[in-house]
Amino acid sequence: KLYFSSKAQIDAFLDGFYSFIPKNLLEHFSVQEWNNIISGSAPIDVDDWQRNTRYSGNYNAKTIQVVYFWRAVRSFTDKDRRQLLKFVTGTTSVPLEGFSNLRSNGQLSLFQIGPSYNSIRSLPLGHTCFCKIDLPPYPTYAILREKLLTAIYEGDGAFLLS
C-alpha cells in the first residue's frame with residue numbers, strides 16, 4: 001500500500017536521480033561503498049567526540065568506567081569506532097560539523113554515557129533514539145573493553161526490545 005500510494009513520486013525521484021547517476025553504475029557499488037562516497041570516511045576525531053559527550057546518573061568524566069570507556073575507544077581501530085558509533089547512534093557517520101551537531105530524530109542529541117544497573121556479566125546497552133550508552137560498573141579496563149567489543153559486533157543488525 002505504501003509503495004503504490006507514492007509510486008508516482010518515487011518514480012519521478014528515481015528518474016531524476018538516474019539522470020545524474022545511471023542505474024547501471026549504481027549496481028557496481030555496495031551500500032557501504034556509496035555511504036563512503038557520499039559521506040566520506042575521515043577518521044573519527046575521538047577528542048571531538050569526548051568533548052561533546054554528556055554524562056548521566058552518577059557517571060561523569062572522572063568515573064572509572066568512563067575513563068576505561070575512553071581508553072578503550074582510543075585503542076579501537078577506526079572500524080571499531082564506527083561500529084560503536086552505529087551501536088549508540090544508528091549510523092557510522094559523524095555529522096560534517098562534528099559531534100557537537102549529533103542528532104537523533106531531527107533533534108540535537110549529544111552522545112551520552114550513563115550507568116547501567118545490570119550485572120557486570122551484562123553487555124553495555126545502546127539507545128539509538130537518545131545517542132546514549134549505558135555501561136555496567138565493570139571493575140577493570142580489560143572487562144569493559146571486551147564487553148564493549150562483544151556488544152558492538154555481536155548485536156550488529158539486531159534490534160532488541162528489553
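Which strands does helix α7 lie across? In this predicted model, helix α7 (residues 78–89) lies across β4, β5 and β6 (132–135), and runs at about 100° to β6.

Let's look at the sheet under discussion. Its four strands form an open sheet with mixed pairing, in the order β1-β4-β6-β5. At the edges sit β1 (53–55) and β5 (125–127), each of which pairs on one side only. On average, neighbouring strands of this sheet are turned by 20° against each other, direction ignored.

Strand β4 (residues 111–115) runs parallel to β1, and three bridges join the two. Leaving aside residues up to four places away in sequence, I113 touches T53, R54, Y55, S56, Y59, V66, F69, W70, I133 and L135.

I113 also leads us into the largest nonpolar core, which has 29 residues. Along with W49, F69, L84 and I133, I113 is among those that touch the most other members. Helices α5 (46–51), α6 (64–75), α7 and α8 (141–154), together with strands β4 and β6, each supply at least two residues of this core.

Finally, consider the cysteines. Searching the whole structure turns up zero disulfides. C129 is in no disulfide, and the nearest cysteine sulfur, that of C131, is 8.9 Å away.

Methods:
Residues numbered from 1 in each chain as written. Predicted model: local features only at pLDDT ≥ 70, side-chain atom pairs only at ≥ 80, totals over all residues. Heavy atoms only, no water. Pairing = 2+ DSSP bridges. Axes fitted to C-alpha atoms, helices over the stretch in contact; angles between N-to-C directions. Contact = heavy atoms within 4.5 Å. Core = buried A, V, L, I, M, F, W, Y, C linked by side-chain atoms within 4.5 Å. Buried < 20%, exposed > 50% of the residue type's maximum accessible area, 1.4 Å probe, protein only. Disulfide = S-S within 2.5 Å.
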